[in-house]
Amino acid sequence: MPKTAYAELQVTSNFSFLRGASHPDELVTQAAALGCKAIAITDLNSFAGIVRGHVAAKEAGMRFIVGCHLQVREAMGILAPGAPHVPPPLSLLMYPTDRGAYGRLCRLLTFGKRRAAKGECDLTLQDVIDHHEGSLAVIVPPKRVPSSFVTTLSMLRDVFDADRLSIAATQLYEAGDEERLASLATLSKQTGIPLVAVNDVHYHIPDRKPLQDVLSCIRLRCTVTQAGFDLFAHAERHFKSPDEMARLFGEHPAAIRRTMEIAERAAFSLDELKYQYPAEVCPPGKNMMEHLIDRTLQGASQRYPNGIPSAVRTRLEHEFSLIGELNYPAYFLTVDDIVAYARSKGILCQGRGAAANSAVCYCLGITAVDPSRHDLLVERFISKERNEPPDIDIDFEHERREEVIQYVYQKYGRERAALTAEVITYRRRSAVREVGKALGLSLDSVDRLAKSGDWWDKGIIDAAKLRELGFDARDRTICLTVQLSTELLGFPRHLSQHVGGFIISQGPLCESVPIENAAMPDRTIVEWDKDDIDALGMLKIDVLALGMLTAIRKAIDLVNQWDQSKGGAGALQFHTIPPDDPAVYEMLCQADSIGVFQVESRAQMTMLPRLQPRSYYDLVIEVAIVRPGPIVGNMVHPYLRRRNYEEEPDYPNDEIKAVLGRTLGVPLFQEQAMKLAIVAAGFTAGEADGLRRAMAAWKRKGDLIYRYGQKIITGMRARGYTEEFALRCFEQIKGFSEYGFPESHAASFALLVYVSAWLKHHHPAAFAAALLNSQPMGFYQPAQLVRDAQEHGVTVRPVDVNASHWDCTLEEGKDGKTELRLGMRSVKHLRMTAAERIETTVHRRGPFQTIIQLWRHSGVPVSMLRSLAEADAFGSMGLSRQQALWAVGALRDAPLPMFEHLEDEENDLDLPRMAPEKDVAQDYASVGMSLKAHPISFVRSRLAQLGVLPAGYLRNATKLPRGNRVAVGGLVLVRQRPATASGVIFMTIEDETGVANLIIRPKIYDQYRRAARHSIGLVAWGKIERQGIVVHVLVDQIKDLRELVRIANDLKAMSRDFH
Amino acid sequence: MLVTTDARQESVARCCVTAAAAGVHAGMNLAEARALCPNASMAMFDPARSRESMELLARWCMRYSPTVCIDPTATGVFGDGLPDGVLLDLTGEEHLFGTEYLLLHELMNKLERVRMTARLAAAPTLGAAWALARFGRNSVSVTTAANLGAALDPLPIMALRIDSTVHDSLRQVGVERIAQLAALPRDRLASRFGDSLLLRFDQLYGRASEIIEPIRATEPICIGRGFDGATIQLEALTLTVQELLEELAHILLCQESGVRQLVVEYSRIDAPAVSREVLLGRASRDVKHLWSLLRPKVEAMNLGYGVEAVTLKASWIEVIKHEQLTVWGGGNPENDAGHDVEHLLDTLVNRCGTQQVLRACAVPSYVPEIARQFVPLHAKQSRQTRCGQMSLLFEDRPSFLLDKPEAVEAMALLPDHPPARIRWQAQDHSIQSGVGPERIVTEWWEGRYSTRDYFKVQNEEGLWLWVFRELETSRWFVHGLWV
């Protein structure tokens, strides 16, 4: 142990973005290793890093001092007129001594940040003076101490008095150090303000100096050769041992002693932040728990009109006792309040997450997963051991989530509610890009290095791959780029807004954590991210957006309206959709799932016929199994084999069986991975939770998961499991780190899968209309949704000014069937207001005969009519697109009287004949689809000559057995390169008979890159692969469609590439 | 491929035929283009240079016609408003080459020889020539008034030099070729697509006139004197040069400009011409100054067997800004002290050569040996170096810095303290006092990572030396002194 007692008080972590070059935990660990008594983290105008520092210090068993480094608007020079150069801004280090002082500092930072642009802080000295009470301050003098500095000091002394104020002194091996220290000592004597020794730490070890320089360059947007005096001259801003500090300050031992005085007096700890749930969710005078029980039972009586089943009742009681014991009723009531608001406004929402699948949440209507029907997920609803708030995410309709967010702001006020931050960290690509630029690599090289990730596998550099890219792995700049960007990985870059994590408190939130502006207007975020908030045990509710909920609500509305117009009750509800309809499962087993939530992707469609879901729980598995986690962890095939009785599930013992029984011995969910670690490897609940975090952060934190891996394997070996079993388990658990899916979320999603599938099966027209009205969302484009509806017997009618609304609507067909009328929303460039004006005008006056009449009566701008003409929406007037455009061409937006005389020109003009394929191409250009014909149908005869088969033929397994070589051609719908498929490209093409699924190996893709990457349509040759009803073509040759046949020039690419 | 960069990405601005065949097109993302065409060489696209070379091409074309202009139509093929064509008025020129066709072929051959790809068309109207050059079937074509209609009919309406919105709306109603447009009633076309369409249409057939504004030669000022016979009389020649200078100064005065580069050329009998030039740091038309620079050059020029003519060429002319004369400053701004220095520098540069007159520039760096740099006086300012807030004071650095630190033997007693004595240049210095250390790390990014502790030390004679110890090797060096 060092002889000297010393606390480091000026430490800049990497949460002073692009300034500090070490993580808070690295700093704390290093300080502890060197024997510092205490450490403060003083980030620039920020508390963003203190939670991490606090947690690390707790682990290391050392004192942690909360502090921050304030820079105010006033320069030193304003206080000291006549100073040379441009004086630096006045810098103060502040340390709160108690909760009140901490609250004032948070309020001060919030004030400065709310006033400034995002990521900045604008404070004046007066602001600091207004909030200084209870805080200790250290003034950081400028490098060259101006003679008038004494006025600044005495002014500050009047505010803080000498007792709470100190002057920071450094011995950093800089020019003029001795004189500076001498003059500071004199000033200290003159003013009576004591000196305090600091080392202005910017990194935990001197080796981080290059990285710190690079960070400065990124911040200043220059290269290291240009940065000059903006870098530090040397690598001295690291931790020094207390004894070394004592030696450097040999002549001023009081300055070293002062560090300990400050450390002892700055006694505030983050443990004192007692989080308080908001109280207004409970009527005054009522006990929270009682209120929750009342609300729950009230809901339960609606859920179970015939009386609450006894199983549910027991479960409710169990949950009540748990909630009461852990004191979480306010949390459930807060969620309940938000959900109740959404319901009152008709906004569809659903909760997910462990706690969301409780019986309480079902009764409160937070979720529709009925625990009595699906006996699952009890064990991890709230973990008692972890003493951490429960976790409920609520999905809302994506178009209306903002209403909910604004409700929360309005109910609790901006002082008490804010979004949590998301710390944006450096990833491989961004790190390479910025480091390369700072080191002066050409843009071109930076681009090449950053784009290709091949050369960088798990932090190991592949020299051969670098050479392929044209780089010499021995080149100094390349080496430095690679090495420094590896170090930069995981560094925070800036704070962004979390997708929807709200934090709500009883007292003003800005006295617990500084709040700053988010990039979006009307949004404010706290400085801490969800891990920080978890660590401090604060309440967080995720208010998320989900497109499918919008679609489901719209579909249900359409069905009910239609029913009412037919004299029915129109009482279909999300919660009352009949469960377990075999026809719905049958449809899913046929992979007929376009538009259905989650299971509409190509990978899911391939899985559906193999998994054959026949129950709700099968859907839960279906949702979870097609994820990178299970795929990479090699769990899919064992599961399918066991499910199809081709293999017996084996369980080493009953403990394991209890964990993995319902998934046939294969861990498919994140909860199972954690439970496995507890049961088989002897993890504590806390360790298992650490494992969960490591899994989630694997990409960011690197090797953490391997440390847990060792622990799992040794733990399992010690408990008598075989090495092989242990390794397999770890591989599977590691697989989850890619993308683990918790069962509790899958359960909620599976319900949406079922509901959307049910709507698709029973109300295909309403379902398709609702999907179209909720765009953009989902996996498919409107054209494919319409086509799918047509294939399910829905007649789709084109956009027409005399019939269409803004949204797609249902119309009655000749035979009484419901038909789908496309809405004007699909018309490119058309504005909603114009469409609605036309809609009401037509509604009032009946259909129009000419464009001019419509124009006069609705008064919509000519440009809007032009857009409608481009969409061929005047068919009911007997006008073709060409004629409509010609007619619209004569109109001008001018005061109407000028065009009073304008009469309808007779449509006698002979416009040039338009080829049908062009007409179709223009349909695609304006509406994104054509109801007239498929573009490929025009070239079918030519394609047939080339031996190209219609895609629909591929289904015929007897004529085209597996292994046959075929050619198919069509427009490209989707290009995908899943991260789990080692570079294989999946492509879907479409012709007038259906779609064909192509598999393209990387070699083939590179060989035919131009056609494969850029063409709007292509012809592909390859071998047929069959798996049940799923057909793929394994491609060996590709040609651009345009090189083979003439297709309309106007036809633009419509594929979704690599999303 | 020529590449442009904007804030977000790099993209292809222009590419050659080979790259285009591989699928590259203007506006494509660079990474994408490189994937399609991995071996393409790349350079930055410079719109100004593109415009300049087009001007150069236009000037070169003046050998075929006195009336030449750069195509003013802003519908460049690349849509960036840069010109992509040259217009020549060949009226009455064709007989010089036989026929128009032969003229175009001659032109095409010349262009091919300098490896330029071009399409040429001659037609009775400017609009038709424009259209046929871009959209005609052949790369060289001549169209007469008689077959104008037949040649134009099948062309796409893009050939009309109309903007893209008119073009798109015409195509939407099915009008794709000029013949289809011709078939539609004029009044209805005008009410829909505006008069500009009809104007372009009429210009195509010569029913509306169109004027081209030819480029004019802006030549350097070049004046000369011929002698009745060859002379070798130096006095006569210097006098002539002086007279020419006076004349030049007058011309420059009228143009409100001055010269930065001046060339004098002697045409000699039985020998090639000989010339000398002077460079100025700033534009001037001061005869006295110019002559003082020219004179030593003129005197040294080889007259050979005799000079027939003298030419004076102002090859770099700049406008001289008007300056307010001050009452107290002696009236003529060209005579005040600042200009004297400039005149001296001009003289030095022209006597000693541009690479010989250097000036020192500060480079922001802590490392002393790279903290300054010498650059030629007239060299363009090198790229703007940023200069951070310098924390060093004047007295922190010695007044004399050795080019290279010199190793010395030193005796030091304590870490972080100056040496007690050093032996430098075979002399012992016993150190009386010292300040420091100032620690400096050399540029790690250059692969030179060493840490130096600098001390400012005074020997017994009162001489201040700047010494440092390299921490990694513990060796001592002297790097400068205060003198």
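**View 1. B:Trp60 is partly exposed, with 24% relative accessibility.** Partly exposed lies between buried (under 20% relative accessible area) and exposed (over 50%), using a 1.4 Å probe and protein chains only.

A word on the model: it is predicted, so local features need pLDDT of at least 70 and side-chain atom pairs pLDDT 80 or more, while totals for chains, interfaces and linings use all residues. Residues are numbered from 1 along each chain as its sequence is written, chains are lettered from A in the order in which they are written, and side-chain values use heavy atoms, without hydrogens and water.

**View 2. A:Tyr304 and A:Tyr362 make a tilted aromatic pair.** Over all chains there are 21 aromatic pairs. Rings of Phe, Tyr and Trp (its six-membered ring) pair if their centres lie within 6.5 Å; planes under 30 degrees apart are stacked, over 60 edge-to-face, and the rest tilted. Here the centres are 6.0 Å apart, with 55° between the planes. A:Tyr304 sits in the loop between helix 12 (288-303) and helix 13 (310-326) of chain A, and A:Tyr362 in helix 15 (residues 359-364), so the pair ties together parts 58 residues apart in sequence. Helices are DSSP runs (H or I, at least four residues), numbered from the N terminus. Both tyrosines, A:Tyr304 and A:Tyr362, are buried.

**View 3. B:Trp60 and B:Tyr64 meet edge-to-face.** Their ring centres lie 5.9 Å apart and their planes at 65°.

**View 4. Ring pairs join B:Tyr454, B:Trp466, B:Phe468 and B:Phe477 into a cluster.**

Terms used. Helix = DSSP H or I, 4+ residues; strand = E, 2+ residues; numbered from the N terminus.
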